[in-house]
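Please look through the sequence and the model below.

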Amino acid sequence: MLNGLAGECAVMKELCLKGWIPSMAYNNCPTFDILCHNQESQKSIAIQVKTVREKEDGKTISAFPIMGNRDNRHEFYKDVAGPYVFVYIDKDDHFTFYILSKEQFIEISNKIEDDYDNLPRVKHLKPGSPMSMPKKNIIAFENKWENLWL
């Protein structure tokens, strides 16, 4: 829980430093974590933040959890309110940000999940298994803050 809050606060700081006006959604809003306004463009967006933190032993985390039931992902995608910011906190508490527009997030996530569904397997997937966003699939989006406004 506190890792998530640390990620949200770090994103808020970055948004402020870029001259944008962020406001955190409290009470664990299910569709977004931060509302942000860009005075220059007069646009406002709802941002979802997902954070993972390495273990103290330096064991890396390979994916960000997204939601609890991949069987309902197409309904989930309909409810995506805006862009996603993925925050990776390493063992030295260094923050790395990966920023995807709403459309980029849905496209990449859907492809990952479809590809996973189509893998040959001996056992069927368990119903209700969770979705995730592998870090390797979003490396190209590091510090792409402009994607917020696409």
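Which helix and which strand each supply at least two residues of the lining of the second largest pocket? They are helix H3 (102-117) and strand E7 (131-134). Helices (H or I, at least four residues) and strands (E, at least two) are DSSP runs, numbered from the N terminus.

The model is predicted: local features need pLDDT of at least 70, side-chain atom pairs count only at pLDDT 80 or more, and totals for chains, interfaces and linings use all residues. Residues are numbered from 1 along each chain as its sequence is written, and side-chain values use heavy atoms, with hydrogens and water left out.

Rolling a probe the size of a water molecule over the atoms shows where empty space is left. On a 1 Å grid over the protein atoms alone, where a 1.4 Å probe fits, a pocket is an open set of points with protein on both sides within 12 Å along at least five of seven lines, and its lining residues have an atom within 4 Å of a point. A volume is the space filled by probe spheres set on the points, which are joined across faces, edges and corners.

The second largest pocket holds about 220 Å³ of space. It is lined by 13 residues, and those closest to its centre are Ile112, Glu113, Tyr116, Ser132 and Pro134. H3 provides the largest share of this lining, 6 residues. By class, the lining divides into 6 nonpolar, 2 polar and 5 charged residues. Here Ala, Val, Leu, Ile, Met, Phe, Trp, Tyr, Cys and Pro count as nonpolar, Asp, Glu, Lys and Arg as charged, and the others, Gly among them, as polar.

The largest pocket contains about 680 Å³ of space. Its lining has 32 residues, of which Glu8, Asn28, Asp33, Gln48 and Lys50 are the closest to the centre. Two or more lining residues come from each of helix H1 (2-17), strand E3 (43-53) and strand E4 (63-67). E3 gives the most, with 7 residues. The lining of the largest pocket is made of 20 nonpolar, 8 polar and 4 charged residues.

Two loop residues remain. Gln42 lies between strand E2 (34-38) and E3, and its phi is positive, near 60°, in a residue other than glycine. Gln42 counts as exposed because its relative accessibility is 56%. Asp93 is in the loop between strand E5 (84-89) and strand E6 (95-100). Asp93 is not a glycine either, and has a positive phi of about 65°. With 41% relative accessibility, Asp93 counts as partly exposed. Exposed means over 50% relative accessible area, buried under 20%, and partly exposed in between (1.4 Å probe, protein chains only).
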